Amino acid sequence: MISVLSDLSDQSDSSDLLRKVLKEQQTLRTPVALFSEEYDTRSIRDRFTHLIPLSKPNPGEQYAFQVNLDACTGCKACVAACHSLNGLDDNEAWRDVGLITGLRKQQPYHQTVTTACHHCEDPACSNGCPVLAYDKDPITGIVRHLDDQCIGCSYCILKCPYDVPKFNLKRGIVRKCDMCQGRLAEGEAPACVQACPNEAIKIQVVKLSDVPDRGQIIAGAFDSSYTRPTTTYVSTKAIAEAKAADAGLLRLDHAHPPLTWMLVLTQMSAGTFFVTALAVLRGFVSIEATRLTSLTALIVGIVGIALSVLHLGQPLKAWRAFLGWRKSWLSREIIAFGLFAKLGALAVVFPSKLTLGLAGIAGVLAVYTSVMVYVDTRRPFWSMKLVSGKFFGTMVLLGVAISGVVWAWMGHSAAQIAIPTALVLRWCVSLFEMREIRNARRDASSAWHMSARILTEKLPHLLRARKIMLAMVGIILPTVIFTQFYVAAIFTLSVAITLGSQLIERHYFFTAACGPKMPGN
């Protein structure tokens with residue numbers, strides 16, 4: 001009887017405790033409710049007012065990031081917040097965290113550094129975009145990317161010296177940081193600023209006249225004075241002499257296969273028209289004998305132009321690519337090759353010295369625009385000397401080679417001039433390139449020393465393949481010249497080998513470019 005009463009008492013106590021707990025739970029506020037209440041009272045916003053400007057910039061000013069490297073711990077809270085609040089896709093990031101190393105009072109040190117778009121005073125990405133998909137806000141100075149305008153050509157990625165724009169494969173466009181302009185407009189801190197537990201990132205207003213030509217970009221980024229980045233880095237350590245921890249890493253850039261084929265084929269086409277026009281002017285061939293070479297050159301050129309569209313993330317929007325012709329060399333290249341194709345077709349239908357000459361001149365100008373597309377990126381490996389030597393060398397070499405093949409199959413005597421000329425040009429182009437690679441590899445102060453290292457340490461098989469092809473051509477062509485056996489067939493084989501060699505060269509033209517970037521990007 002006592003045991004039963006005890007059990008009833010325990011059950012009563014448990015019921016009372018349960019009712020008490022449930023009643024207390026009804027009075028509790030969840031974390032969401034607490035945050036909502038704090039947000040409504042603006043205490044959350046007030047917490048970040050010292051990290052963002054309280055008023056919009058005046059004329060001649062703009063917003064800019066300021067990063068306190070001494071406060072940055074590399075926790076990547078800024079990266080996670082940016083990814084979450086901007087709704088980025090998997091494997092997409094607009095902010096990165098890297099590591100720099102240096103010496104302070106002869107003692108080594110390292111610091112983590114958070115980087116994003118520098119919202120430059122003169123943004124290279126905007127200047128290079130062929131479809132005007134970038135806009136610099138006239139009031140805030142924020143450099144915005146217009147997703148609906150983008151065709152996914154990725155030229156802004158090549159133009160930016162900080163590797164800021166990122167290509168989104170899923171969407172077929174480029175995207176980048178916009179400083180959370182919507183949040184700033186409402187008086188809220190950007191995601192990265194709000195998430196940093198040490199308040200290492202803040203937004204400040206800077207005068208454009210005070211932005212130094214080189215900016216305060218750190219860690220060995222090459223001369224970027226033409227963009228005038230506005231981000232400033234604050235530290236008690238000598239960050240100007242610091243280097244990125246991954247500065248010596250040999251990495252391969254994107255190969256861009258459609259562009260590899262486009263460049264080689266369009267230069268082959270332009271060279272064929274140019275060589276044919278010269279041959280007519282010098283009296284080596286008649287106007288009637290040029291129709292087949294012109295037709296061959298036109299077909300090759302159109303194929304090259306068509307292949308370039310495959311490079312775009314949004315190929316159906318390719319028609320917009322002429323919009324940026326005032327500033328973008330890519331737009332000028334597209335316009336130039338469009339004109340070249342039209343004049344080439346005119347030379348095929350109405351062959352004459354005038355039409356062939358116009359097509360040849362248009363081809364040279366189009367190749368020049370191709371040169372400037374890459375020279376304008378300011379990458380050391382894409383200097384005027386190297387790029388013009390490669391592109392115009394390919395143009396003349398393959399132009400002579402294709403013209404010689406056509407004339408050889410036609411049994412025309414002009415092939416006797418084209419064949420030895422092609423041999424000499426092939427050796428000159430290859431020896432020039434090999435010498436430059438060797439010198440840059442030995443000279444650590446060379447502007448493209450890293451590219452030479454990539455070629456010799458990461459891509460030695462491609463260099464060996466080119467040497468083998470050069471040796472094969474060196475054996476085949478003298479045999480043709482001196483024996484006169486199967487001239488057309490053997491010469492065609494040598495030209496095919498030469499074409500393969502040029503495609504290999506254009507492949508590592510992209511992969512060994514060693515594009516600049518911020519630490520850890």
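Predicted model: local features only at pLDDT ≥ 70, side-chain atom pairs only at ≥ 80, totals over all residues.

**Entry 1: two positive phi values**

I started with serine 154, which I found in the loop between strand S5 (143-145) and helix H6 (155-159). Its phi is near 70°, a positive value in a residue other than glycine. Is serine 154 buried or exposed? I looked up its relative accessibility, and at 12% serine 154 counts as buried, because the cut-off for buried is under 20%.

Next I went to methionine 179, in the loop between strand S7 (173-175) and helix H7 (181-185). Methionine 179 is not a glycine, yet it has a positive phi of about 60°. Its relative accessible area is 2%, so methionine 179 is buried.

**Entry 2**

I then turned to helix packing. Two packed helices are described by the angle between their axes and the distance between the axes, so I looked up both.

The axes of H9 and H10 cross at roughly 155° and come within 8 Å. That angle makes H9 roughly antiparallel to H10, because angles over 145 degrees count that way. The crossing of H9 past H10 is left-handed.

Which residues make this contact? On the H9 side I noted, among others, Pro258, Trp261, Met262, Leu265 and Phe273. On the H10 side the list includes Ala297, Leu298, Val300, Gly301, Gly304 and Ile305. Sorted by class, the contact of H9 with H10 has 12 nonpolar and 9 polar residues, and no charged ones.

**Entry 3: H10 against H11**

I followed H10 (residues 291-308) on to H11 (residues 329-349), where the packing angle is about 155° and the axes are 9 Å apart. H10 and H11 are therefore roughly antiparallel to each other. H10 passes H11 in a left-handed crossing.

From H10, I listed Arg291, Ser294, Leu295, Leu298 and Ile305. They meet Phe337, Ala341, Gly344, Ala345, Val348 and Val349 of H11. The residues of the contact of H10 with H11 divide into 8 nonpolar, 2 polar and 1 charged.

**Entry 4: threonine 260**

Back in H9 (residues 257-281), I picked out threonine 260. With 6% relative accessibility, threonine 260 counts as buried. What does threonine 260 touch, leaving out residues up to four places away in sequence? I found Ala255, Leu503, Arg506, His507 and Phe510. I also checked a pair of C-alpha atoms: those of threonine 260 and phenylalanine 509 are separated by 8.6 Å, with the two residues 249 apart along the chain.

**Entry 5: the nonpolar cores**

Last, I looked up the cores. The largest nonpolar core has 72 residues, and Phe273, Tyr374, Phe381, Trp382, Phe391 and Leu455 touch the most other members. Helix H12 (residues 353-375) supplies the largest share of this core, 10 residues.

I followed up on phenylalanine 381. Not counting residues up to four places away in sequence, phenylalanine 381 touches Leu386, Trp448, Ser451, Leu455, Tyr508, Phe509, Ala512 and Ala513.

A second, separate core has 33 residues, and Leu69, Tyr162, Met179 and Ala242 are among them. That took me back to methionine 179 from my entry on phi, the one with the positive value of about 60°.

Methods: Residues numbered from 1 in each chain as written. Heavy atoms only, no water. Helix = DSSP H or I, 4+ residues; strand = E, 2+ residues; numbered from the N terminus. Buried < 20%, exposed > 50% of the residue type's maximum accessible area, 1.4 Å probe, protein only. Contact = heavy atoms within 4.5 Å. Axes fitted to C-alpha atoms, helices over the stretch in contact; angles between N-to-C directions. Parallel < 35°, antiparallel > 145°, perpendicular 65-115°, else oblique. Left-handed = near helix turned anticlockwise from the far one by under 90°. Nonpolar A, V, L, I, M, F, W, Y, C, P; charged D, E, K, R; others polar. Core = buried A, V, L, I, M, F, W, Y, C linked by side-chain atoms within 4.5 Å.
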